[in-house]
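I opened my notebook for a friendly look through this one. The entries below follow the order in which I looked things up.

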Amino acid sequence: MDFGIAVVAVITVISYLIGQAFKCIPAIDNKWIPIICGGAGLIIGVVAFYIGMPDFPASDPITAAAVGVASGFAATGINQIYKQLSTKE
């Protein structure tokens with residue numbers, strides 16, 4: 001089965017949901033949400049590598065971590081694009 005880029009998109013979605021969950025905690029300032037999303041992406045990327053996700057775009061743990069971090073930060077970027085386009089002046 002060829003999942004290709006879908007695995008990376010799944011990491012982005014899961015990182016986004018983790019970021020939204022942490023956003024509901026009043027003790028955590030919103031400035032930490034991008035770091036949380038990046039860290040979640042890193043962990044998910046490395047776990048996906050070690051459990052042997054089919055067609056995962058990494059051949060070693062460092063590359064898997066980089067793919068995960070980029071996916072986590074992409075979740076923050078997607079959120080910001082949505083917020084910037086939806087604000088009314």
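**Ground rules.** I am working with a predicted model, where local features need pLDDT of at least 70, side-chain atom pairs count only at pLDDT 80 or more, and totals for chains, interfaces and linings use all residues. Residues are numbered from 1 along each chain as its sequence is written, and side-chain values use heavy atoms, with hydrogens and water left out.

Entry 1: I began with Tyr50, which is exposed at a relative accessible area of 57%. My scale here calls a residue buried under 20% relative accessible area, exposed over 50% and partly exposed in between, with a 1.4 Å probe and protein chains only. Phe49 counts as partly exposed, at 22% relative accessibility. I then looked for aromatic pairs and found one in the structure. It joins Phe49 and Tyr50 edge-to-face, with 5.2 Å centre to centre and 70° between the planes. For the record, rings of Phe, Tyr and Trp (its six-membered ring) pair if their centres lie within 6.5 Å; planes under 30 degrees apart count as stacked, over 60 as edge-to-face and the rest as tilted.

**Entry 2: the fold.** I listed three helices and zero strands in the chain, running α-α-α from the N terminus on. These are DSSP runs numbered from the N terminus: helices are H or I of at least four residues, strands E of at least two. The C-alpha trace spans about 45 × 30 × 15 Å along its principal axes. I noted that 29% of the 89 residues count as buried.

**Entry 3: the core.** Which residues make up the largest nonpolar core? I wrote down nine: Val7, Val8, Ile11, Ile44, Ala48, Phe56, Ala58, Ala64 and Val67. Helix 1 (6-23), helix 2 (33-51) and helix 3 (61-86) each supply at least two residues of this core, and helix 1 gives the most, with three. Such a core is a set of buried Ala, Val, Leu, Ile, Met, Phe, Trp, Tyr and Cys residues joined through side-chain atoms within 4.5 Å. I also checked Val7: leaving aside neighbours within four places in sequence, Val7 is in contact (heavy atoms within 4.5 Å) with Met53, Pro54 and Phe56.

**Entry 4: a surface patch.** Leu42, Ile43, Val47, Ile51 and Met53 form a nonpolar patch on the surface, with about 450 Å² of accessible area together. Areas come from the Shrake-Rupley method with a 1.4 Å probe, and for residues only the protein chains shown count as cover. Leu42 sits in helix 2 and is partly exposed, at 35% relative accessible area.

Entry 5: Ala65 lies in helix 3 and is buried at 15% relative accessible area. Beyond neighbours within four places in sequence, Ala65 is in contact with Leu42 and Val46. Its C-alpha is 11 Å from that of Tyr50, 15 residues apart along the chain.

Buried or exposed: which is Cys37? Cys37 is buried, with a relative accessible area of 3%, and its place is in helix 2. Leaving aside neighbours within four places, I found Cys37 in contact with Ser15, Gly19, Gly72 and Thr76. The C-alpha atoms of Cys37 and Leu17, 20 residues apart along the chain, are separated by 8.7 Å.

Methods. Patch = residues over 30% accessible without salt bridge, like charges linked within 9 Å, V, L, I, M, F, W, Y side chains within 5 Å. Salt bridge = Lys/Arg side-chain N within 4 Å of Asp/Glu carboxyl O.
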